[in-house]
Every structure is written in structure tokens, then in C-alpha cells.
Amino acid sequence: MAEDTEKLCEGLRKENKSCFILGASGETGKELLKEIIKNRIFSKVTIIGRRKLTFEDEAYKDVIQEVVDFEKLDEYSSAFQGHDVGFCCLGTTKAKSGEAGFIRVDRDYVLKSAQLAKAGGCTHFNLESSKGANKCSSFLYLRVKGEVEAAIEQLDFDRYTIFRPAVLMCDREEYRLAERIFQKVLIPISYTFPTAFSVPLTTVVRAMVNNAVLNSDKKVEILENKAIHALGAAQEITKK
């Protein structure tokens with residue numbers, strides 16, 4: 001397994017592919033960027049966001065930053081051009097942004113970004129969604145996640161991967177009371193049912209990176225929490 005994974009990684013490196021990350025200031029995006037930089041599987045890495053980020057580590061010196069106004073994304077279409085692989089970790093909460101703000105970020109911004117990425121040549125789009133996402137759900141959060149999943153599928157990417165993690169186990173810089181309560185409740189449960197209700201953030205990002213190097217004949221892939229655990233626990237990519 002380790003040898004096969006490394007061969008795939010080396011093959012991807014030789015292809016000199018580029019990627020972009022949306023939401024690199026958030027917990028998932030931040031950890032994903034770190035994992036991608038560590039493994040050096042893309043020749044060019046771009047992060048797209050509303051503000052420029054500061055990195056002290058020398059490893060980030062070649063990361064390209066595109067600052068955009070998500071309310072006027074059409075004016076920043078050039079930021080989405082020339083990327084082979086896209087990772088979208090963009091999102092907010094109803095508590096932070098209100099219902100309208102949540103819908104605007106998690107559905108409208110994400111969909112518009114995917115449209116621009118498709119037009120810009122992106123062939124593999126990766127979306128961080130949520131366990132239980134369903135466009136027919138009576139719960140706003142799950143309905144919005146399901147709506148954007150379905151809308152992006154209609155864009156017809158060569159490959160479209162949806163990650164549906166359960167509760168993320170991590171220490172966020174942004175305090176989310178409800179999530180923190182769930183995390184504390186789920187810690188003892190996760191020992192008995194490790195893949196049912198939660199997933200470590202590091203496992204999610206490893207799954208995203210590992211999946212990017214794997215060959216797939218599926219045009220649309222939906223990775224539920226159990227599959228994320230399995231893929232994230234696979235042999236860690238060895239840095240060359």
C-alpha cells in the first residue's frame with residue numbers, strides 16, 4: 001500500500017499540476033494547506049480568500065495568494081484560472097453570520113467559485129460538505145449543504161469529490177459553543193464507535209490529499225464519514 005501510494009504521488013508530481021484552496025483561513029483549509037505543502041504533490045499552490053494571510057514558516061514562501069471580494073467574484077475570475085485541482089473548505093455558521101449570511105457563504109459563494117473554477121479549467125473539484133447533507137432536509141444547515149452539492153454536480157467537472165465528515169474533532173481558533181459541547185460529549189463515544197459520529201480534522205485533510213493522488217473512474221464521489229476515516233488512515237504520503 002505504501003509503495004503504491006508513493007508511486008501515485010510521484011506520478012502526480014511529474015504531471016506538474018496546480019491546485020487552489022478556498023477557505024485557507026479556516027481550520028480545515030489551514031490544515032489542508034499544511035498537508036499539501038508538506039507533501040509537495042502540486043507544482044503550484046494558490047489560496048483564494050478575502051484577505052491576505054501571514055505565514056512565518058519558510059515552507060509557505062511559494063504559496064500564491066489571490067485576494068478577492070466574494071460579493072463581486074465575476075471581477076476576479078482570473079484568480080480561478082489555470083488550476084487543475086480545487087479544494088473548497090469555505091463556510092461559516094448561522095450563529096456567526098445569520099441565516100442569510102450563512103446561505104450566501106455556504107451556498108452562493110461556494111457555487112459561484114465552482115462555476116469560475118470550471119470555466120478556468122479545473123478538472124477535479126473537492127468539496128468539504130457535512131454528514132447528513134440533503135437538499136430536501138428540513139434543517140437549514142443540512143439543506144444548504146445538500147443544495148450546493150447538487151448544484152455543483154450540474155457543472156459537470158471531470159471529477160467531483162464530496163467529503164461528508166461528521167463532527168470535526170479539533171481546537172478551533174474561532175469559538176463555537178454548540179460544536180465544543182458536541183466534541184466533549186463525543187470524546188468517550190468515539191472510543192467505542194470511532195467512525196460513527198466524529199472524525200479528527202487531521203484525518204479529513206489526509207483523506208482529501210490521499211484521494212487527490214488516487215486514480216478514480218467515478219465522475220462523482222461521495223465520501224461519508226466512515227470512508228473518510230479509512231482513506232485518512234491510509235499510509236501517509238512520504239515527502240520527497
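Me: What share of the contacts with a separation of 6 or more comes from residues 24 or more positions apart?
Reply: This is a predicted model. In it, 72% of the contacts with a separation of 6 or more are between residues 24 or more positions apart.

Me: How many helices and strands are there?
Reply: The protein has seven helices and nine strands.

Me: And what percentage of the residues is buried?
Reply: Of the 240 residues, 48% are buried.

Me: Let's look at one residue. Where is Thr 161?
Reply: Thr 161 sits in strand E6, which covers residues 159-163.

Me: Buried or exposed, and why?
Reply: Thr 161 is buried, because its relative accessibility is 0% and the cut-off for buried is under 20%.

Me: Which side chains make polar contacts with the side chain of Thr 161?
Reply: One is the side chain of His 124, at 2.8 Å. Another is the side chain of Glu 221, at 2.4 Å.

Me: What span does H6 have, against what is expected?
Reply: H6 runs over residues 201-213 and reaches 19 Å from its first C-alpha to its last. The expected figure is 18 Å, at 1.5 Å a residue, and the span is close to that.

Me: How do H2 and H6 cross?
Reply: The axes of H2 (residues 27-39) and H6 come within 9 Å and cross at roughly 50°. That angle makes H2 oblique to H6. The crossing is right-handed.

Me: Which residues make that contact?
Reply: On the H2 side they are Glu 27, Thr 28, Glu 31, Leu 32, Glu 35, Ile 36 and Asn 39. H6 contributes Leu 201, Thr 202, Val 205, Arg 206, Met 208 and Val 209.

Me: Change of topic. Where does Ser 130 lie, and is it buried or exposed?
Reply: Ser 130 is in the loop between strand E5 (124-128) and helix H4 (140-153). With 10% relative accessibility, Ser 130 counts as buried.

Me: What is Ser 130 in contact with, leaving aside neighbours within four places in sequence?
Reply: Ser 130 is in contact with Tyr 141, Leu 142, Lys 145, Phe 163, Arg 164 and Pro 165.

Note on methods. Residues are numbered from 1 along each chain as its sequence is written. This is a predicted model: local features need pLDDT of at least 70, side-chain atom pairs count only at pLDDT 80 or more; totals for chains, interfaces and linings use all residues. Side-chain values use heavy atoms; hydrogens and water are left out. Helices (H or I, at least four residues) and strands (E, at least two) are DSSP runs, numbered from the N terminus. Buried means under 20% relative accessible area, exposed over 50%, partly exposed in between (1.4 Å probe, protein chains only). A polar contact is a pair of N or O atoms within 3.5 Å; within protein, one must be able to donate a hydrogen and the other to accept it, and residues adjacent in sequence count only if both atoms are side-chain atoms. The expected span of a helix is 1.5 Å times one less than its number of residues. Contact means heavy atoms within 4.5 Å. Axes are lines fitted to C-alpha atoms, for helices over the stretch in contact, and angles run from 0 to 180 degrees between N-to-C directions. Angles under 35 degrees count as roughly parallel, over 145 as roughly antiparallel, 65 to 115 as roughly perpendicular and the rest as oblique. A crossing is left-handed if the near helix is turned anticlockwise from the far one by less than a right angle, and right-handed if clockwise.
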